[in-house]
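This report goes through one protein chain, from its overall form down to single residues. Please look at the sequence and the structure first.

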Amino acid sequence: MTYSVKQICDLYAVSEGTVLGWLRRGELKGFSVARKAGGKPRWRITAEALAAFEEARTPTPPSPKARRRKQSEAVHEFY
């Protein structure tokens, strides 16, 4: 199955410019089905490319930060 730019716009509630920007930057992979070489591109996005795009944009939980150990109050270090 393939999707058009308009279908992607409706799916994510974004503008056509946003989807075209994703395509231009390579965040979303697509191919052109333009009738003429060098003509205005008519983009199509495969279901696999859309799944890869969604996976890449899924937020991951932040890695836990290392906690500093408290020094005992009896020890004073001077540098």
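The sections below cover the basis of the model, the whole chain, the sheet, and the helices with their loops.

## Basis of the model

This is a predicted model, in which local features need pLDDT of at least 70 and side-chain atom pairs count only at pLDDT 80 or more, while totals for chains, interfaces and linings use all residues. Residues are numbered from 1 along each chain as its sequence is written, and side-chain values use heavy atoms, with hydrogens and water left out.

## The chain as a whole

The chain has three helices and three strands. Helices (H or I, at least four residues) and strands (E, at least two) are DSSP runs, numbered from the N terminus. Starting from the N terminus, the order of elements is β-α-α-β-β-α. The chain is more spread out than a compact globule, because its radius of gyration is 24 Å, well over the 12 Å that the globule rule gives for 79 residues. That radius is taken over C-alpha atoms, and the globule rule is 2.2 Å times the number of residues to the power 0.38. Along the principal axes, the C-alpha atoms fill a box of roughly 80 × 25 × 20 Å.

Of the 79 residues, 18% are buried. Buried means under 20% relative accessible area, exposed over 50%, and partly exposed in between (1.4 Å probe, protein chains only). Among contacts with a separation of 6 or more, 41% come from residues 24 or more positions apart; a contact means heavy atoms within 4.5 Å.

## The sheet

The three strands form an open sheet with antiparallel pairing, in the order β1-β3-β2. β1 and β2 stand at the edges with a single partner strand each, so one side of each has no neighbour in the sheet. Two strands pair if DSSP finds at least two bridges between them. Strand β3 (residues 43–46) is joined to β1 over three bridges, and strand β2 (residues 31–32) is joined to β3 over two bridges.

Ser 4 belongs to strand β1 (residues 2–4). With a relative accessible area of 18%, Ser 4 is buried. Leaving aside residues up to four places away in sequence, Ser 4 touches Trp 43, Arg 44 and Ile 45.

## Helices and loops

Which residues of α2 are buried? They are Val 19, Gly 21, Trp 22 and Leu 23. These buried residues pack against α1, β3 and α3 (47–57).

Ala 13 lies in the loop between α1 (5–12) and α2 (16–25). Its phi is positive, about 55°, although Ala 13 is not a glycine. Ala 13 counts as exposed, because its relative accessibility is 70%. After α2 comes Gly 26, which has a positive phi near 85°.
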